[in-house]
Amino acid sequence: MSFLKLKPKITTILANNSESTEQRLTEVCELLQTSIGYYDWVGFYFANAAQETLHLKAFAGEPTDHTVIPFGKGICGQVAVSNKNFVVPDVKAQDNYIACSITVKSEIVIPLFKDGKNIGQIDIDSHVADPFSLEDERFLEWVNVEVAKIL
């Protein structure tokens, strides 16, 4: 499904005030994971600034042991520090990579800002090498802007 067709579906999910924030985030993860062929794992991590850790709040895909990630560790931890998108075409080429599964070949992490502060991120793993484009980055930035509105 195209990013353009996914946008109204995401807007509808996020607007459903009868569900908890975590339920809505999980639904967004599930929609992305089932609608985009190379999005094999999708999750939202949120920062605990005092502890300098990221905490997994919602995801779709295989369960992960990486539910808490220290700032600076792995791709997610680096994004928590840099406040910048991080696209990894080949995870094997990254020194500071936390392997979630031997099937993961690439990853994209986009920071989530609320009131100008990096409060978390969306993290996507793919079993395909180098699938992420600038279009993915822009779409996921949009997703995070929409998510920030319900936080």
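Which residues in α1 meet which residues in α2? L6, K9, I10, I13, L14 and A15 in α1 meet R24, E27, V28, L31, L32 and S35 in α2, where contact means heavy atoms within 4.5 Å. Before we go on, please note that this is a predicted model, in which local features need pLDDT of at least 70 and side-chain atom pairs count only at pLDDT 80 or more, while totals for chains, interfaces and linings use all residues. Residues are numbered from 1 along each chain as its sequence is written, and side-chain values use heavy atoms, with hydrogens and water left out.

Let's stay with those two helices. Helix α1 covers residues 3-15 and helix α2 covers residues 21-35; helices (H or I, at least four residues) and strands (E, at least two) are DSSP runs, numbered from the N terminus. Their axes are 9 Å apart and the packing angle is about 160°. Axes here are lines fitted to C-alpha atoms, for helices over the stretch in contact, and angles run from 0 to 180 degrees between N-to-C directions. Angles under 35 degrees count as roughly parallel, over 145 as roughly antiparallel, 65 to 115 as roughly perpendicular and the rest as oblique. α1 and α2 are therefore roughly antiparallel to each other.

Next, follow the chain into the loop between α2 and β1, where you will find D40. Leaving out residues up to four places away in sequence, D40 touches Q33, A60, G61, D125, S126, H127 and V128. The side chain of D40 also reaches the backbone nitrogen of H127 at 2.6 Å. This is a polar contact, meaning a pair of N or O atoms within 3.5 Å; within protein, one must be able to donate a hydrogen and the other to accept it, and residues adjacent in sequence count only if both atoms are side-chain atoms.

Now for the rings. The whole structure holds eight aromatic pairs. Rings of Phe, Tyr and Trp (its six-membered ring) pair if their centres lie within 6.5 Å; planes under 30 degrees apart count as stacked, over 60 as edge-to-face and the rest as tilted. W41 and Y45 make a tilted pair, 6.3 Å centre to centre with 40° between the planes. W41 also pairs with F59: the ring centres are 5.8 Å apart and the planes lie at 15°, so this pair is stacked. Because W41 lies in strand β1 (residues 41-48) and F59 in strand β2 (residues 53-60), the pair ties together parts that are 18 residues apart in sequence. W41 is buried at 7% relative accessibility, whereas F59 is partly exposed at 29%. Buried means under 20% relative accessible area, exposed over 50%, and partly exposed in between (1.4 Å probe, protein chains only).

Helix α3 (residues 74-82) has buried residues too: G74, I75, C76, G77, V79 and A80. Their cover includes β1, β2, β3, β4 (86-88), β5 (106-114) and β6 (117-126). Just after α3, N83 takes a positive phi of about 65°.

Is N144 buried or exposed? At 2% relative accessibility, N144 counts as buried. Apart from neighbours within four places in sequence, N144 is in contact with F44, I110, P111, L112 and I122. N144 and L112 are 32 residues apart along the chain, with their C-alpha atoms separated by 5.3 Å. A polar atom of the N144 side chain lies 3.0 Å from the backbone oxygen of P111.
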